[in-house]
Amino acid sequence: MDQTTARSETQHQSVTFAEGLTLDCGRHLGSLTIAYRTYGKLNAAKSNAILICHALTGDQYVAETNPETGKPGWWEQVVGPGRPVDTEKFFVICTNVLGGCMGTTGPRSQHDEHAGQPWGTDFPPVTINDMVRAQKRFIDHLEIGRLFAVVGGSMGGMQVLAWAALYPGQVFAAVPVAAAAYHSAQNIAFHEIGRQAIAADPDFWGGRYWEHGVTPARGLAVARMTAHITYVSEAALTRKFGRKLQDTARISALGDRFEVESYLQYQGSSFVRRFDANSYLTITRAMDLFDLSADYGGVLPSAFAGTKTRFLLVSFDSDWLFPTEQSRAIARALNHVAANVSFVEIKSDKGHDAFLLDEPDFHRTLRGFLAGCAEHAGLS
Amino acid sequence: MRVDLALIAGMVAPKTRVLDIGCSDGALIDHLFRNLGCDARGLEIDMATVTLAVAHGLPVMQGDADSDLASYPDGAFDYVVLSRTLQAVEKPREVLRQMLRIGTHAIVSFPNFGHWTLRLQMLFTGRMPMTKNWSRMWYETPNIHPCTIRDFFDLCAADGYIVEEWLAADEEGARAPWRRWPALANLFGEQGLFLLRKA
């Protein structure tokens with residue numbers, strides 16, 4: 001039944017599926033709530049739907065002011081009227097991922113066995129495939145037989161790949177941006193620093209921080225600060241901050257000294273106000289577990305055998321978290337099965353975050369690719 | 001569309017699967033899709049050009065002939081096209097072998113190093129020839145494997161490829177009337193264009 005769930009902070013548009021969802025880990029979630037936003041109009045044939053998949057700390061508010069932060073939608077440069085994903089042509093859907101904290105079932109939702117309590121760290125481990133199955137349940141609910149496109153960056157790109165592998169007949173075009181077919185050891189290592197920082201915060205209380213009326217804000221902020229460094233390039237940090245001092249009059253050993261330090265602290269502190277620590281643990285683990293080829297005997301091309309989906313892979317040359325070689329490996333795997341694949345590496349010094357920022361070449365490429373696909377799909 | 005691309009398009013049957021290696025802005029694959037209903041895709045080494053082609057809605061991926069053909073399965077395409085690029089790849093013989101592995105037909109065009117102007121320049125100056133087609137000094141030319149039309153016939157014979165169709169063309173790509181005489185084509189044709197298949 002469609003409803004608007006009441007949360008302490010914000011109300012999110014959502015739908016609840018009483019049958020729940022069986023997860024990769026074998027456990028069953030008794031009920032599944034999907035929080036979502038849509039933009040544009042679904043046509044009569046239901047053939048113009050584009051699913052946007054958000055990244056680790058993203059949410060369903062793609063193209064409108066975020067009700068929790070008051071900031072613009074995280075992909076307003078890409079999704080909206082006249083934008084590359086044009087909401088005047090396409091019906092755009094975005095759901096908060098399974099395990100998230102913006103209204104979809106996650107560690108903050110009510111525990112299946114302990115009424116009146118949140119799941120917290122009891123929330124079962126979820127995978128990228130679980131997130132995609134939850135989205136699929138919602139797409140079925142909308143009675144959309146085939147998505148015109150699934151588009152996403154970073155962890156969103158992982159979901160795009162999982163969609164293409166799990167439901168090849170229901171994805172006409174797939175656009176994984178700054179993505180990879182598996183999370184690398186280096187990526188897992190950075191995530192582990194974040195998780196350890198959260199666990200080490202005295203306010204974490206073994207994941208039951210709500211019982212004490214606190215949040216592990218220090219730990220979560222350090223997790224965000226570490227992660228943020230991996231999202232940008234050395235060149236971008238140098239360009240923005242260099243070695244500039246924050247306040248030359250107040251140089252001290254421990255206080256703010258360099259501009260880059262206060263910038264990172266700002267990133268950390270603004271993040272803890274909007275994100276749940278247990279969700280962060282759940283979702284980073286889901287990313288770490290992602291290895292698309294593992295479900296196909298270690299042979300990546302097998303994940304796409306016989307696919308008719310049209311792919312666009314995009315990477316950014318200064319992205320060292322999801323480097324171009326990862327996208328190229330996916331492109332080659334798609335070549336192995338003679339799939340229809342476009343692949344571009346965009347020049348940018350902004351690192352992994354480039355996919356969220358003003359990158360005209362990326363936006364032109366995405367717009368053109370979708371226009372070409374629309375022609376092949378008989379949409380235009 | 002460039003005249004030489006029109007000649008290539010003339011060798012492609014409608015509604016077939018085509019891979020254009022070194023597709024540049026994708027003019028050929030666009031033509032093959034729109035006018036012949038082909039499932040045509042491109043591979044291009046220059047990233048800025050790839051971005052332009054994809055922004056025009058064409059299925060093009062960045063990659064290069066020497067290293068990326070190995071990832072395609074046998075018989076994935078009906079035609080694999082390599083226009084004016086064979087002389088610039090690192091291993092022309094291997095590229096040709098890959099083309100005829102992943103495609104039932106290969107369409108290859110290349111500038112003819114046996115053209116009379118080149119021969120005369122070489123004879124009279126004793127230096128590497130410089131023409132419109134061969135316009136860069138030997139130490140910076142990307143054309144590291146020049147060959148003549150007769151050389152190319154020899155390679156096809158050695159590797160067991162059947163020449164289904166061939167022609168010589170001038171610089172602009174207009175068909176030159178040397179169809180029956182390879183020796184004359186080799187002297188007067190500025191480009192060679194071949195349609196091959198495996199024996």
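The model is predicted: local features need pLDDT of at least 70, side-chain atom pairs count only at pLDDT 80 or more, and totals for chains, interfaces and linings use all residues. Residues are numbered from 1 along each chain as its sequence is written, while chains are lettered from A and ligands numbered from 1 in the order in which they are written.

The two chains are set out below.

| Property | Chain A | Chain B |
|---|---|---|
| Helices and strands | 9 helices, 13 strands | 8 helices, 7 strands |
| Span along principal axes (C-alpha) | about 65 × 50 × 40 Å | roughly 50 × 35 × 30 Å |

Helices (H or I, at least four residues) and strands (E, at least two) are DSSP runs, numbered from the N terminus.

The radius of gyration is taken over C-alpha atoms, and the globule rule is 2.2 Å times the number of residues to the power 0.38. For chain A, a compact globule of 380 residues would have a value near 21 Å, and the 20 Å of the model agrees. Chain B has 8 helices and 7 strands; its radius of gyration is 16 Å, close to the 16 Å that the rule gives for 199 residues, so chain B is as compact as a globular protein of that length.

Two residues are in contact if their C-beta atoms, placed from the backbone, lie within 7 Å. Among contacts in chain A between residues at least 6 apart in sequence, 68% join residues at least 24 apart. For chain B, the corresponding share is 63%.

Confidence is given as pLDDT, the predictor's confidence in each residue, from 0 to 100. Chain A averages 94, and 95% of its residues score at least 70. Over residues 1-8 of chain A, pLDDT stays under 50, and the model has 14 contacts beyond four places in sequence for this stretch. Where pLDDT is low, the predicted coordinates should not be read in detail.

Chain A is divided into domain 1 (2-183 + 293-376) and domain 2 (187-284), with bounds that come from an automatic or database domain assignment. The C-alpha centres of domain 1 and domain 2 of chain A lie 25 Å apart. In chain A, 25 residues of domain 1 are in contact with 21 residues of domain 2. The domain 1 side divides into 9 nonpolar, 11 polar and 5 charged residues. Here Ala, Val, Leu, Ile, Met, Phe, Trp, Tyr, Cys and Pro count as nonpolar, Asp, Glu, Lys and Arg as charged, and the others, Gly among them, as polar.

Helix α1 of chain A (residues 128-141) has 14 residues and should span 20 Å at 1.5 Å a residue; its end C-alpha atoms are 20 Å apart, which agrees. The expected span is 1.5 Å times one less than the number of residues. Since 10 of the 14 residues of α1(A) are buried, the helix is largely enclosed by the rest of the structure. Its buried residues include A:Ile128, A:Met131, A:Val132, A:Phe138 and A:Ile139, and also A:Asp130 and A:Arg133. Just after α1(A), A:Glu143 takes a positive phi of about 60°.

The contact between the chains takes 21 residues from chain A and 17 residues from chain B. On the chain B side, α3 (47-55) and β3 (60-62) each supply at least two residues, and α3(B) gives the most, with 5 residues. The chain B side divides into 11 nonpolar, 5 polar and 1 charged.

Methods: A residue is buried if 20 or more other C-beta atoms lie within 10 Å of its own, exposed if 12 or fewer, and partly exposed in between; C-beta atoms are placed from the backbone.
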